[in-house]
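Have the viewer open while you read.

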Amino acid sequence: MKIGFIGLGIMGKPMAKNLLKAGHEVVAYDVVKKNVDDVVAAGAAAAKSSADVAKRCRLVITMLPNSPHVKTVVCGEDGILAGAKEGDILIDMSSIAPGASQEICKACLEKGVKMIDAPVSGGEPKAIDGTISIMVGGDKAVFDEVYDILMCMGGSAVYCGKIGAGNTTKLANQVIVALNIAAVSEAFSLSTKAGVDPQKVFDAIKGGLAGSTVMNAKIPMILEQNFKPGFKVDLHIKDLNNALQTGHEVGAYLPLTASVMEILQNLHHEGHGQEDHAAIARYYEKVTGAKIQ
Ligand code: NAD
């Protein structure tokens, strides 16, 4: 099938390449030309704009930073809806506010375009090996229609409910990940400051109840002081903003999320916004004066 792909960053690039590997044609667009060139080198065709992608494909996937980017790419001048035809499908795989997914879906339906929200979890390594977890909201019939295409990029694709439910699920995921990294960083700053080798602490506890996928992924990075992203601090600020805003809208209270948000804001203002979210450990290192390594 010919599939349009818009947003070829850390995640979008390997996801588009996995569609090519599965035998699909890909028509690619990104505002950064180098990102398009990389995917073209792997066999994709380049498009001139988001509207051009939509003119050339009945199915378009977007993988963009946040709600305003998706609104521009879908509804803006030279956007997807300027080129789409009735019956076309949009799969937005970006992590955005659930309310924004609902607004964008409404604009799509007015043009006869079907949209589902399908954000992902797993990060760059899982995007590369095609095993990301995909959480989907929208019309179940559309989910069933595109399931095989989602599974070219993911290890699982779970239907969560009406439009926006994918992004609500993703917000829950992001709250858990942020709080988990903060818990791990806080605990390891305690044991380090008290004089116990953090590698020994990791080896001793990773198989017990405190062990987690987050600890296994992030402690080796923290021990090496390797904060190359991965998932950037600034993107996690975006997700926690969306979580806090959604929580306020629906009457869910997120005091722990609000605390971790303050740590992320500190990191952003100290110039660590483009680092991996494992840099939450840096905050604790700064306040204790002890490096976890
Ligand atoms: P990224 O910043 O690396 O990539 C975003 C891409 O969108 C960039 O190439 C950018 O040039 C492009 N873009 C921005 N505005 C555009 C526009 N108007 N038209 C066309 N292209 C445009 O971000 P990423 O890490 O790939 O993340 C993408 C989404 O996936 C985000 O919502 C993020 O929260 C989510 N996500 C990321 C990870 C991760 O580990 N990086 C994991 C899961 C989910």
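This is a predicted model: local features need pLDDT of at least 70, side-chain atom pairs count only at pLDDT 80 or more; totals for chains, interfaces and linings use all residues.

| Helix pair | Axis distance | Crossing angle |
|---|---|---|
| Helix 9 (residues 165-193) and helix 12 (residues 233-250) | 9 Å | about 120° |
| Helix 9 and helix 11 (residues 213-223) | within 10 Å | roughly 50° |
| Helix 1 (residues 12-21) and helix 2 (residues 33-41) | within 10 Å | roughly 25° |

**Helix 9 with helix 12**

Helix 9 and helix 12 pack at an angle of about 120°. That angle makes helix 9 oblique to helix 12. The crossing here is left-handed. On the helix 9 side, the contact is built from Leu 171, Gln 174, Val 175, Val 177 and Ala 178. Helix 12 brings His 236, Asp 239, Leu 240, Asn 242, Ala 243 and Thr 246 to the contact. Sorted by class, the residues of this contact come out as 6 nonpolar, 4 polar and 1 charged.

**Helix 9 with helix 11**

Helix 9 also packs with helix 11, and their axes cross at roughly 50°. The two helices are therefore oblique to each other. Helix 9 passes helix 11 in a right-handed crossing. Which residues meet here? From helix 9 come Val 177, Asn 180, Ile 181, Val 184, Ser 185 and Phe 188, and from helix 11 Val 214, Met 215, Lys 218, Ile 219 and Ile 222.

**Helix 1 with helix 2**

For helix 1 and helix 2, the axes cross at roughly 25°. That makes helix 1 roughly parallel to helix 2. This crossing is right-handed. Lys 13, Ala 16, Lys 17 and Leu 20 of helix 1 touch Asn 35, Asp 38 and Val 39 of helix 2. By class, that gives 3 nonpolar, 1 polar and 3 charged residues.

**The cavity**

How many cavities of 30 Å³ or more does the structure hold? There's 1. The largest cavity has a volume of about 40 Å³. Its lining is made up of Ala 54, Cys 57, Arg 58, Val 60, Ile 80, Ala 84, Asp 88, Ile 89, Leu 90 and Val 113. By class, 8 of the lining residues are nonpolar, none are polar and 2 are charged.

Note on methods:
Residues are numbered from 1 along each chain as its sequence is written. Side-chain values use heavy atoms; hydrogens and water are left out. On a 1 Å grid over the protein atoms alone, a cavity is a set of points where a 1.4 Å probe fits but cannot get out, and a pocket is an open set with protein on both sides within 12 Å along at least five of seven lines; lining residues have an atom within 4 Å of a point. Grid points are joined across faces, edges and corners, and a volume is the space filled by probe spheres set on the points. Ala, Val, Leu, Ile, Met, Phe, Trp, Tyr, Cys and Pro count as nonpolar, Asp, Glu, Lys and Arg as charged, and the others, Gly among them, as polar. Axes are lines fitted to C-alpha atoms, for helices over the stretch in contact, and angles run from 0 to 180 degrees between N-to-C directions. Helices (H or I, at least four residues) and strands (E, at least two) are DSSP runs, numbered from the N terminus. Angles under 35 degrees count as roughly parallel, over 145 as roughly antiparallel, 65 to 115 as roughly perpendicular and the rest as oblique. A crossing is left-handed if the near helix is turned anticlockwise from the far one by less than a right angle, and right-handed if clockwise. Contact means heavy atoms within 4.5 Å.
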